Amino acid sequence: MQLVSKVREPLITGGKTYSDITNDICKCVEDAPNKRWLAALTASVITLAAGGYYMGDMLWNGIGKWGLNKTVQWAWDITNFVWWVGIGHAGTLISAILLLFRQKWRTSINRAAEAMTIFAVICAALWPVVHMGRPWVGIYWALPLPNTFGSLWVNFNSPLLWDVFAISTYFSVSCLFWFIGLIPDFATIRDRAITPIPRLIYGMLSLGFDGSAKTWMHYEAVSLILAGLSTPLVLSVHTIVSFDFATSVIPGWHTTIFPPYFVAGAIFSGFAMVLTLMLVTRHTYKLKDYITMEHIEMMNLIITVTGSIVGIAYITEFFIAWYSNVPYEQYCFINRMGGQYWWAYWSMMACNVISPQLFYIKKIRTSITMTFVLSIVVNIGMWFERFVIIVTSLHRDYLPSSWLYFTPTIHDIMCYVFSIGLFLTLFLMFAKFFPVVNMAEVKAILKSSNPSVYKGRMTIKNEHVPEKDRVLEKEYI
Amino acid sequence: MASTQHEHHDLHDTHDVHYNLDERFEFSSKIKKDVFTILGIGIVLFVIGLILSMIGGGHHHASIENADNLVVSINGGHEVNPVQNEQGAGHGSHHGAIGWLQRLYANLWLNNVFFTGISLIGIFFFAIQYVASAGWSAGIIRVIISLSRFLPYMAVMMLGVFLLAHHDLFHWTHHYLYEKFLADGVTPNPEYDPIINGKKGFLNIPFFLFRMIVFFGIWLFFAYVFRSESAKEDLENGSTVRYRRLVRFSAFFIVFFAISSAISAWDWVMSIDTHWYSTMFGWYVFASWFVTGVALITMLIIHLKEWGYLQFVNEAHLHDLGKFVFGFSIFWTYIWFSQFLLIYYANIPEETVYFFERLSRDQYAPLFFLNIFLNFVFPFLGLMTRDSKRKMRILKIVCTIVIIGHWLDFYLMITPGTLKDAGNLGLLEIGLAMIYLGAFLYVVFQGLQKLPLIPKNHPMLEESLHHH
């Protein structure tokens with residue numbers, strides 16, 4: 001038995017029992033798809049198809065369809081790539097780092113967050129591939145394979161190649177982690193299945209999990225090892241993404257704070273995306289006893305912390321640019337604030353630095369509406385952050401005669417919409433066919449409390465608590 | 001009971017294990033003797049080192065003239081400050097005297113920065129425990145905050161050494177750098193440095209002192225509030241008012257610390273190499289401070305346990321502390337490596353000069369690599385396994401190495417910029433560091449006596465006592 005302090009809020013409310021957990025979560029998978037889900041899926045598929053038309057057109061005609069020009073050779077493509085990779089970071093953070101830190105509140109949200117990670121990484125990987133112009137050759141040109149066209153090798157000095165390794169490793173480990181975590185829950189669904197097809201499919205997916213002590217032992221050991229592996233991985237991925245820019249000599253890109261600040265920004269946007277998705281899932285599947293206000297508040301706190309780290313990094317960069325007395329650096333940052341892209345810079349500052357500060361107010365961070373709105377605002381801000389870093393640094397390069405302005409075309413916009421459509425479609429499929437909450441892990445934390453703890457917990461309704469543990473209003477401070 | 005390894009009592013099932021929650025630390029004569037031994041050896045080494053340095057011992061002064069020959073120097077073309085120029089010219093008569101004084105100042109500054117950081121981490125780590133609602137650490141929270149007892153002394157030392165020695169430590173404090181013309185108003189001043197002149201809005205003595213005083217003032221305020229709120233909690237059984245108040249204050253402190261620690265790092269360390277800049281530097285210094293602080297907390301807790309206090313501390317607590325030392329050693333390496341790689345890769349002379357100054361001098365280059373070994377390789381391999389984090393003996397070895405390693409890290413941040421070729425790592429350096437350590441331990445142990453060791457009304461205390 002583990003003691004839990006009275007000052008802690010409960011992680012699962014509503015007096016749930018083990019069988020309640022199984023029923024509540026499996027029901028989402030077993031029930032026929034409801035209308036709202038079908039409507040959402042239709043909308044996502046339409047988005048995907050509309051974006052797909054432009055993506056296909058772009059691939060057919062070449063990336064000249066995008067608004068890139070000879071000065072700004074990288075714009076929405078790399079912005080979208082970094083944005084999606086960043087979003088992917090929350091899943092691994094929740095499942096690996098919070099596991100190592102023994103944060104039990106992670107159990108209700110880790111499943112969906114990990115799924116989101118995988119889909120976000122897929123959406124991210126899309127960009128380097130499609131921007132190659134001829135992706136069918138590009139895919140294997142990116143790999144360090146000796147080829148038959150001459151002794152051409154990839155450039156091992158390039159951080160872009162390191163990205164190939166980092167992201168493919170990250171994707172593999174994240175998939176593995178997610179799938180291993182799903183096995184016990186698949187077994188539960190398999191055992192409950194009453195029709196042959198689900199029994200067959202979930203039976204295969206559960207890899208013969210039998211729930212014996214030995215099986216659980218293996219499961220626990222693998223989870224810990226993967227958590228240990230994922231932790232440096234999650235840091236390395238966005239670090240290497242930041243190297244894509246920071247190893248250069250372009251003012252606004254080359255700055256030493258980039259690696260940790262990109263990682264913080266990635267977690268920031270990832271948590272915001274988890275919140276956006278989880279709030280919708282929680283509402284649709286009526287999971288408010290599993291994803292409680294405590295969970296939402298914790299995530300909001302992480303958003304505040306990472307948002308503030310990002311804010312400090314912006315100010316540090318700005319200050320050091322002035323302090324360095326390097327005219328290029330100084331110009332670059334002044335140009336960001338007051339140049340042609342001032343609107344992007346100030347959108348970024350408002351969304352990323354100012355908006356998460358609102359969460360210092362308890363009323364705001366425990367308000368579902370505000371949380372939902374701010375979680376979207378944060379992701380808008382993080383998209384602008386990458387856009388600001390990339391485009392404002394490029395459009396004023398060392399050669400003033402080449403200075404240009406970048407304007408996106410419909411293909412830029414619709415290709416981005418395509419990736420959003422892809423992400424939402426994948427997530428909706430996941431939310432229907434896979435258990436959205438990790439039943440096995442939630443069950444493991446359900447009893448990590450003792451009766452005296454129940455006493456202090458006002459969030460549990462009295463009628464769910466045994467007679468002797470019920471509390472009067474005034475007993476609670 | 002002394003150093004017997006805590007065998008796994010089954011704390012959770014057998015409720016007959018009771019800890020003395022009112023225990024108080026006594027700074028016994030035995031412990032005092034140990035502290036005075038450190039202090040005594042330190043003084044002896046320091047005095048010998050100082051005398052050796054004063055009688056012109058050491059070959060290092062001879063090379064001062066060569067400093068002019070460095071192609072790129074960190075403070076522009078004329079980085080050798082007048083004191084050193086004099087030494088080059090005077091050659092003999094009094095160069096030793098000024099040499100040793102400068103060396104003393106640089107070392108005082110180094111230890112000031114190092115121990116200020118450690119004391120600060122005591123407050124910061126305390127605040128983190130509250131903000132993160134950590135349960136495991138509730139029982140050792142008083143040990144953590146006790147590091148802050150040394151902060152007032154550091155405030156005095158920082159101010160004192162800066163006022164006394166700013167010209168020897170900080171190139172930017174020389175007023176001639178900012179004069180475009182000589183006294184006649186026509187002849188261009190050869191010493192004029194347009195780059196440093198551009199920084200004078202930030203790097204000027206009044207503003208520097210203002211920042212230093214405000215930071216210390218606010219840090220000391222928080223340290224006082226944390227200690228006194230925690231003390232008041234002991235008298236109020238069953239109320240969580242103090243706890244909640246501490247959480248709120250901790251959040252404020254962390255926000256302030258995030259800003260002030262970075263600015264202090266720019267002020268106290270980065271501005272020594274006045275021309276050079278790195279946006280990562282604030283976090284780099286923080287990372288170094290943080291690992292040292294946690295390693296020191298771990299050492300204190302192990303020793304207290306060996307002396308018969310804090311008997312509730314079991315392998316699980318040590319494991320958690322070990323994880324912090326392990327994890328943040330990797331974090332430090334990550335920050336160190338990112339900063340190094342990006343500067344190395346872009347190869348911009350204004351930036352590489354920092355590493356050039358360290359790697360091109362024989363007395364620093366080996367230490368540069370030793371730094372990585374002590375602060376990364378050693379803790380990484382030493383604390384890799386689960387078992388090693390749970391053994392007091394291994395933790396003691398690794399934490400000692402980590403503390404020494406990070407002192408060396410600060411040595412490498414501060415000495416090459418202040419002493420250039422004249423930098424040395426001898427008895428004076430070792431002796432002075434031991435004096436600071438002895439003083440630090442003396443003050444911390446005195447402070448530990450003032451409150452019961454265990455915050456008996458901490459609402460998370462039960463979690464900590466039954467941590468596994």
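The questions below concern a predicted model, and each answer sets a value against its cut-off.

Trainee: What makes Cys28(A) count as buried?

Mentor: Its relative accessibility is 10%, and buried means under 20%, so Cys28(A) counts as buried. Cys26(A) is also buried, with a relative accessible area of 0%.

Trainee: How do you know that Arg102(A) forms a salt bridge with Asp320(B)?

Mentor: The closest N and O atoms of Arg102(A) and Asp320(B) are 3.9 Å apart. The cut-off for a side-chain nitrogen of Arg and a carboxyl oxygen of Asp is 4 Å, so the pair qualifies as a salt bridge. The rule finds one salt bridge across the interface of chain A and chain B. Polar contacts between the two chains come to 13 residue pairs, both residues being at pLDDT 80 or more.

Trainee: Which helices make up the side of chain A that touches chain B?

Mentor: Helix 6 (159–192), helix 8 (213–246), helix 9 (258–284) and helix 10 (293–324) of chain A each supply at least two residues. Helix 10 of chain A gives the largest share, 10 residues. By residue class, that side of chain A divides into 27 nonpolar, 13 polar and three charged.

Trainee: What is the extent of the interface, in residues and in area?

Mentor: In residues, 43 of chain A are in contact with 50 of chain B. In area, the two chains bury about 3,900 Å² between them, with 66% of it on carbon and sulfur atoms. Leu3(A), Thr256(A) and Tyr323(A) supply 18% of what chain A buries against chain B, more than any other three residues.

Trainee: Why use area for this?

Mentor: The size of an interface is often given as the accessible area lost when the parts come together.

Trainee: What is the secondary structure of chain B?

Mentor: Chain B has 16 helices and zero strands. Of its 468 residues, 61% are buried. Among contacts in chain B with a separation of 6 or more, 82% join residues 24 or more positions apart.

How values were computed:
Residues numbered from 1 in each chain as written. Chains lettered and ligands numbered in written order. Predicted model: local features only at pLDDT ≥ 70, side-chain atom pairs only at ≥ 80, totals over all residues. Heavy atoms only, no water. Buried < 20%, exposed > 50% of the residue type's maximum accessible area, 1.4 Å probe, protein only. Contact = heavy atoms within 4.5 Å. Buried area = accessible area lost by both parts, 1.4 Å probe. Polar contact = N/O pair within 3.5 Å; in protein donor to acceptor, adjacent residues only side chain to side chain. Helix = DSSP H or I, 4+ residues; strand = E, 2+ residues; numbered from the N terminus. Nonpolar A, V, L, I, M, F, W, Y, C, P; charged D, E, K, R; others polar.
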